[in-house]
Each structure stands twice: as C-alpha cells, then as structure tokens.
Amino acid sequence: MHRSGHDPGRSRTPFSDVYEAHFDAILGYVTRRTTDRHTAADLTADVFVAALEAFDSYDVSRGTHRVWVHGIARNTLAAHARHTAREREAVTVLNGRRLLDEEDMLRFEERIDAEREARALLARHAVLSAPLRAVIDLVVVDGLTTKEAAKVLRISQATARVRLHRARAALRAGLTTPPGTISTPLAEATR
C-alpha cells in the first residue's frame, strides 16, 4: 500500500461504472452462446452478481475490467452448461422409468397387505411348539403328505395328523403367544 492508503493493485472505479461500461458486451457474449433470451437475461444477471460479489478482490494487475468481467461470464456459462447437462441426464434416466399409475398403487397396497398377513402368520408360526412346527412345515411348506411327515419325524401317522390339525387351528386362531401361556381351550389343544 502507498502512504495515501490506496492499493495500486485495486480498482478505484465504482462498480456501477464497470456495470454500465460492460453490460451490453456481456449480454451479447451470453446471448450468442444461449438459445433462450430469458436464460440469457438470467445468466447476464448472474455474471454481474458474481462480479459485484468479487469486486473488492478485483486486482488491476491481472487485467482490465473488460477481461475480468468476460472471465466471470465464461465461468458462469460453463457452470450453467454443467448444470444443464446434469439435468438432461436426470431427465433421461427418469424418462426410462414409468410413473406409477392407480393400478400400480393398488398392486402395492395389495402386496403390503399380503406381506403384513405373512408377517402375522410367521409370528403365529413362531410361537407354535417345536413338534407342531415340524409337522406343519413338512406338510405345508415342503409338500410332504402326512404319512411322509410322520416317517420323517418318526412318529405315528395318527400323531402327525393330530399335530397338523392343532398347528392349523392355532394359526387360524391367531395365537401370538406360546401355547400353554394362556389358559383357553384352544391353547390347551395346541400343546
């Protein structure tokens, strides 16, 4: 800094003078590089907002106001081009996807309901005693006959049928606590 308090590297020109002197040139620069006049107006405004924000740091030794403002314009247009490209990519990705319609929403609701019922059934299944679970799993899940399940479990076919009946009754009744922890006729039947 000089003794006068003025830094020779800084501009003494007020920003309003820089704006007035270079507005038309920047508007022309931007307009030649865009296809929409509204976008050109917005970008020109962005250039001068950026210039105003950086005006205190402007250094005369790095070039004239004209060069400086054109550099800001170039950077602003480059940022706009990157943003536009990202937006275009996003639209392309979204265009490859179909929006959900009312039928899709109904299918989702049905699936959610079915999954809720399945979770409830699994919770009821989990509280069955191990012998009841073993029979119902072999017959219902694995597709074995009651006779085959009895052989796998090394129990009589009559015992397998009774256990299968009790397991199905407990699942239909909606028991969510282990049989025997409540005293109801059904709880007694599921043991």
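The buried residues of helix α5 are L132, V135, I136, L138 and V139. Viewed along the axis of α5, these buried residues lie within an arc of 165 degrees, so they line one face of the helix. The model is predicted, and the mean pLDDT of the protein is 82.

- An α-helix has 3.6 residues a turn, so residues three or four places apart point the same way.
- Just after α5 comes G143, which takes a positive phi of about 80 degrees.

**V135**

- V135 sits in helix α5, which covers residues 130-141.
- The relative accessible area of V135 is 0%. Because buried means under 20%, V135 counts as buried.
- Leaving aside residues up to four places away in sequence, V135 touches L153, I155, A160, R163 and L164.
- V135 and V152 are 17 residues apart in sequence, and their C-alpha atoms are 9.4 Å apart in space.

- In soluble globular proteins, nonpolar side chains tend to be buried together.
- The largest nonpolar core has 17 residues, of which I26, V30, V47, W68 and V69 touch the most other members. Helices α1 (15-31), α2 and α3 (65-95) each supply at least two residues of this core.
- Another core, of 11 residues, lies apart from the largest one; V135, I136, L138 and A167 are among its residues.
- V69, a member of the largest core, touches V18, I26, V47 and F48 when residues up to four places away in sequence are not counted.

**Confidence**

- In the protein, 83% of the residues reach a pLDDT of 70 or more.
- Confidence is highest in helix α2 (residues 37-54), at a mean of 94. Helix α8 (residues 185-189) has the lowest confidence, at a mean of 43.
- Over residues 1-9, pLDDT stays under 50, and the model has 9 contacts beyond four places in sequence for this stretch.

Terms used. Residues numbered from 1 in each chain as written. Heavy atoms only, no water. pLDDT = per-residue confidence, 0-100. Helix = DSSP H or I, 4+ residues; strand = E, 2+ residues; numbered from the N terminus. Contact = heavy atoms within 4.5 Å. Buried < 20%, exposed > 50% of the residue type's maximum accessible area, 1.4 Å probe, protein only. Core = buried A, V, L, I, M, F, W, Y, C linked by side-chain atoms within 4.5 Å. Arc of directions from axis to C-beta.
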